[in-house]
Amino acid sequence: MGVKLIVVCVLAMFMVIPSFFVTELVSDRTHSAAEVTKEISSHVGGPQTFLGPTLAIPYTVPPRTPSEFARRGIYLVSPAQASAVVKTTTEERRRSLFRVPVFQADLKLDAAFDLKGVPAAAPLGAELDWGQAEIVVGVSDPRGALSDATLATDNRTSTLVPAQLAQNLVIGGDENHQEKLVLFGAKVGDIARPDAAFHATSTLRFSGAERIAVLAYGKTTRLTARGDWRSPGFGGGILPTSRTIYNNGYSADWTVPFIARGIRAEGPADSFAGLNTTALGVSFIEVADPYQSVSRSLKYVLLFLGLVFLTYFVFEATTGKRVHPAQYILVGIAQIIFYLLLLSLVERIGFGLGFLLAGAATVTLLSTNAAWVFSSRLQGLRAFFVFTLLYGLIYMLLRLEDNALLVGAVASFLALAAVMYFTRAIDWYSALPGASTSPQPAVPPPPPSRTA
């Protein structure tokens, strides 16, 4: 019996090998879903990041010696106060079995400029050309534009066009993967003067996918985001100060003071390279990623197989009915097929219902097999009860997050304690249940006695 238990444990570990192929299949489906997401996103604008109204002034640094050339650049000035409102509506685009959330966003980006003391961080000897000043607005992917962007100042309203001072602004990233924004602008040389103060408001309407973010473009920035997506994620460099998720949408508010922004209020364009760390973003994610859920369930495959095999072994030890290793292998194959059923179902009907159907089918098969193997309906009913508890435990582990390890460890301990209890009377040195003993050699009868 002791050797048989060791064989069962080795079989359980051996059956983990086919699960690696299921894991590879899950990875392949995950890659396919990512490709579909990338393809659909490319048509609607992808993840969008916006820079609110920022003052851009060209400057020139005269040469110090006849051999030098004049240096030119752009001097950026952030508004003293920035206030943004973002409203999104979402829908799901489908491609085969894959779904991608896309959004349409209406943005109102307000900026209050106070130019007292500007320039305070210009290069030594720089001469600013105030007459060519522009207010620029940045977007990561202009292909998502749904209408013309406008800029309203104190004296007029203009349609934003590609900025004349610079086409792009680098906001972060390393040298190989720099994050850039495409700039649009409007001339404001008539109101942008030293020590002046004025307001500017930009209105935009864009589409995108997966995520929308607004950079903290002011010394003090306030952002209000509203939408109808029921499972948003609030990532980025700075988390919201308040957020609420409703049955039919969400709302979130950010307040970023100047000391939290970590970027100077004015300076040459390259001094704004770290602005990407101030992104105030909302991600449009699925409540439960089906591939992530199946991948998590595969992490418990050894625990799963071990408990099922131990259950069959306990039945074998307590009933005296022998179970061949081939039958254990068939039980293990049924467990692997469960994961294939789960993967194929969750793509269509979601994880909860998919796990219920795949689990019910597998529990029914395993309990029926137990009734066949042990030639007892009672053992089949016991197996049905035990396997139902086991699959319920696995489902609970997948739904738990912070407490999954604790619950799994306690459940494994209790399962081992149950096996010890039900096998407490077994003589592990004894022969297998139902094993036949070798026949003893027959003793020849004594020869018949002779009479005198």
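Figure 1. Helices (H or I, at least four residues) and strands (E, at least two) are DSSP runs, numbered from the N terminus. This is a predicted model, in which local features need pLDDT of at least 70, side-chain atom pairs count only at pLDDT 80 or more, and totals for chains, interfaces and linings use all residues. Residues are numbered from 1 along each chain as its sequence is written, and side-chain values use heavy atoms, with hydrogens and water left out. Helix 7 covers residues 351-373, 23 residues, and reaches 32 Å from its first C-alpha to its last, close to the 33 Å expected at 1.5 Å a residue; the expected span is 1.5 Å times one less than the number of residues. Its buried residues include Phe351, Phe355, Thr362, Leu366 and Val373, where buried means under 20% relative accessible area with a 1.4 Å probe, protein chains only. The buried residues of helix 7 pack against helix 4 (290-298), helix 5 (301-319), helix 6 (325-349) and helix 8 (377-399).

Figure 2. Helix 6 has 25 residues and spans 36 Å between its first and last C-alpha, close to the expected 36 Å. Among its buried residues are Tyr328, Gln335, Ile336, Tyr339 and Glu347. They pack against helix 1 (2-14), helix 2 (16-44), helix 4, helix 5, helix 7 and helix 8. Just after helix 6, glycine 350 has a positive phi of about 90 degrees.

**Figure 3. The second largest pocket.** This pocket has a volume of about 610 Å³. Of its 20 lining residues, Thr311, Val386, Ala415, Ala418 and Phe422 are the closest to the centre. Helix 5, helix 8 and helix 9 (404-422) each supply at least two residues of the lining. A pocket is an open set of points on a 1 Å grid over the protein atoms alone, with protein on both sides within 12 Å along at least five of seven lines, and lining residues have an atom within 4 Å of a point. The lining has 15 nonpolar, four polar and one charged residues.

**Figure 4. The largest cavity.** A search of the whole structure finds one cavity of 30 Å³ or more, a cavity being a set of grid points where a 1.4 Å probe fits but cannot get out. The lining includes Val86, Ile212, Leu223, Trp254 and Val282. Strand 13 (211-214), strand 14 (220-227) and strand 19 (280-284) each give two or more residues to this lining, and the largest share, three residues, comes from strand 13. By class, the lining has nine nonpolar, no polar and no charged residues.

**Figure 5. Tryptophan 254 and the nonpolar cores.** The largest nonpolar core has 69 residues, and those with the most contacts inside it are Leu55, Leu115 and Trp254. Strand 1 (residues 48-61) gives the most to this core, with seven residues. Apart from it lies another core, of 55 residues, among them Phe98, Ile336, Tyr339 and Phe387. A nonpolar core is a set of buried Ala, Val, Leu, Ile, Met, Phe, Trp, Tyr and Cys residues joined through side-chain atoms within 4.5 Å. Leaving aside neighbours within four places in sequence, tryptophan 254 is in contact (heavy atoms within 4.5 Å) with residues including Arg222, Phe234, Pro240 and Leu280.

Key:
Grid points are joined across faces, edges and corners, and a volume is the space filled by probe spheres set on the points. Ala, Val, Leu, Ile, Met, Phe, Trp, Tyr, Cys and Pro count as nonpolar, Asp, Glu, Lys and Arg as charged, and the others, Gly among them, as polar. Buried means under 20% relative accessible area, exposed over 50%, partly exposed in between (1.4 Å probe, protein chains only).
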